[in-house]
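Reader: I have a structure open on my screen. Could you show me how to read it?

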Amino acid sequence: MSVAATPASVHVRAPGKINVYLGVGDRQDDGYHPLATVFQAVSLYEDVIARRAADFSITVTGDVDPDTVPLDDRNLAMRAAKLLAAAADYHGGVALEIRKSVPVAGGMGGGSADAAAALVACDALWGTGFSQVRLHELAARLGADVPFALHGGTAVGTGRGDQLNPALARGRFDWILITSDEGLSTPAVYSRLDEIRGIDGALADDPPPSLDVPVAVLHALRAGNAEDLAETLANDLEDAAFDLRPELEQRLLHGVRAGALRGIVSGSGPTIALLCADPESAQHVQAVLRETGVDSLHVHGPVPGARILA
Ligand code: C5P
């Protein structure tokens, strides 16, 4: 495609995620932990608008503390744009505008959604025409959660969480999210897990135990049954997140007392995700929480992955 035929700007929306199941193996010598996880994309989105420019730049808007979001190469969306440019041998730049809604460092893959959206937006802006497979490959090089933000829906993730297989999910699941003002560092949560397991930062010599997503999780998703899914919610990072932020456990119990089926720490936290029976029940939980001074968000999943808006 010639440059003249490409648009002047492209607007892409990518979802945040909840890990409805997160099994974590022992740390490997590359520093990563093997995972068996099930992601669900939820209706809390990052919007990325890419505009033609000679250089690379980022602006961020939304309800975020500007100090927590870097605007240079530490920003995953910036790295995504530059990685695509290098892979496509594209010599121009891009001005990225990120409109954030997913909590920063909240365990919901907000930065990964930015990166996935930037890949899709720049691909269209520059007329790169990369296949989904190629974009997935680049996404996996940026971070473990980036491929899922491209993919969306519901999917089983293995490896670092970047090897995806779609999972069937019927209907809609309603979640109430309690966010935190202060994020949690993902590496810090994984390190605390290592400490809790007695690995104490040393590398695990033994081969990792085999990790599998329990079939009950997949059955509940396939049946669209929130009660059954609630029974199977699990997150191996939860104790580590509670250890670093003891108030999270109270927050989770508070949500369950408000009428949620069950609560879980989302990814590495600190966002608490409360699964509710249906939309009405979620509204009720949100109202009860509000009465006790706790703000929350009502989202649902699954929703599609990064896509261009008309
Ligand atoms: O891939 P990503 O940049 O999102 O990962 C951030 C950090 O989280 C890694 O550097 C690593 O410390 C930890 N991590 C891990 N095992 C995974 C995914 C992430 O230990 N499967």
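Author: We will look at a loop residue, then a helix, then a residue elsewhere in the chain. This is a predicted model, where local features need pLDDT of at least 70 and side-chain atom pairs count only at pLDDT 80 or more, while totals for chains, interfaces and linings use all residues. Residues are numbered from 1 along each chain as its sequence is written, and side-chain values use heavy atoms, leaving out hydrogens and water.

Reader: Where is Thr128 placed?

Author: Helices are DSSP runs of H or I, at least four residues, numbered from the N terminus. Thr128 lies in the loop between α2 (110–126) and α3 (132–142).

Reader: Does Thr128 count as buried or exposed?

Author: Buried means under 20% relative accessible area, exposed over 50%, and partly exposed in between (1.4 Å probe, protein chains only). Thr128 counts as buried because its relative accessibility is 18%.

Reader: Which residues of α3 are buried?

Author: An α-helix has 3.6 residues a turn, so residues three or four places apart point the same way. In α3 the buried ones are Leu135, Leu138, Ala139 and Leu142. They span an arc of only 105 degrees around the axis, so they sit on the same side of α3; the arc is taken from the directions from the helix axis to the C-beta atoms. Val133 and Arg141, on the other side of α3, are exposed.

Reader: And what does Ala226 touch?

Author: Contact means heavy atoms within 4.5 Å. Leaving out residues up to four places away in sequence, Ala226 touches Phe173, Leu261, Leu275, Cys276 and Ala277. Ala226 belongs to helix α7 (residues 226–232).

Key: Helix = DSSP H or I, 4+ residues; strand = E, 2+ residues; numbered from the N terminus.
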